[in-house]
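Hi everyone, thanks for coming. Today I'd like to walk you through one structure, starting with charged pairs and ending with strands. Please have a look at it first.

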Amino acid sequence: MSDDNDKRTIRAAARAARRRFVAAHGAGVPCPAPFRALLSHGLTVASYVPMGAEADPALLARAAVEAGCAIALPHVVDRATPLRFLAWDTEAALAAGPFGLRQPHDHAAELAPDIILTPLVAFTRSLDRLGQGAGHYDRAFARFPDTWRIGVALSAQEVESLPTDPWDMPLHAIATEKEWIIS
């Protein structure tokens, strides 16, 4: 098992690097051709609304909509309750959620994602990720083990290594403003 102090230290450093990067370069991540190749009509792509200096998946979500995919966004109730992915029409208003989240209203249909675009705090070249620490995405990955897990990040969030726990599932790919990383 990993040391929570190590994770806290890495999160603090990665968040600071991310904030500096966004202040200088912005948070947008372009849509790479390999991601477009994964898309097909009728798939469900879970995206997210970025908070603070998180990498912005808007161009990836737009490509999914253009390919005929349904879009879902995470819906969070609290720290302990597993997140659900709820349908979202890109024109629909979002509700205020806990932790400053913008999310679909709780009456929206729950969807099972084929692809999950995942925010993260830090990542490695071996496709390990460090999230916010509440375990929402770890539990979602376990619930949907066959779903493609794609991290959306900024190159400044890359680290040499990360402490991992038995429940941590590696990503299938990571999209940054510079590259598409896949094993």
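Let's begin with a term: a salt bridge here means a side-chain nitrogen of Lys or Arg within 4 Å of a carboxyl oxygen of Asp or Glu. In general, side chains of opposite charge can pair when their charged atoms come close.

Before we go on, a word on the source. This is a predicted model, where local features need pLDDT of at least 70 and side-chain atom pairs count only at pLDDT 80 or more, while totals for chains, interfaces and linings use all residues. Residues are numbered from 1 along each chain as its sequence is written, and side-chain values use heavy atoms, with hydrogens and water left out.

So, how many salt bridges does a search of the whole structure find? The search finds seven. One of them joins D168 to K7, with the closest N and O atoms 3.9 Å apart. Helices (H or I, at least four residues) and strands (E, at least two) are DSSP runs, numbered from the N terminus.

Is K7 buried or exposed? K7 is buried, because its relative accessible area is 8%; buried means under 20%, exposed over 50%, and partly exposed in between, using a 1.4 Å probe and protein chains only. K7 also belongs to a network of salt bridges with D165 and D168.

Next, look at E110 and R143, whose side chains meet in a salt bridge at 2.9 Å, N to O. E110 is partly exposed, with a relative accessible area of 34%, and R143 is partly exposed too, at 45%. Then there is the salt bridge between D138 and R129, at 3.3 Å, N to O. Both of these residues, D138 and R129, are buried.

Now to the strands. Strand 9 (residues 148–152) is largely enclosed by the rest of the structure, because four of its five residues are buried. Which strands pair with strand 9? Two strands pair if DSSP finds at least two bridges between them. Strand 6 (residues 115–119) runs parallel to strand 9, joined by five bridges, and strand 10 (residues 173–175) runs parallel to strand 9 with three bridges. Find G151 in strand 9: T118 stands opposite G151, and G151 stands opposite I174 in strand 10.
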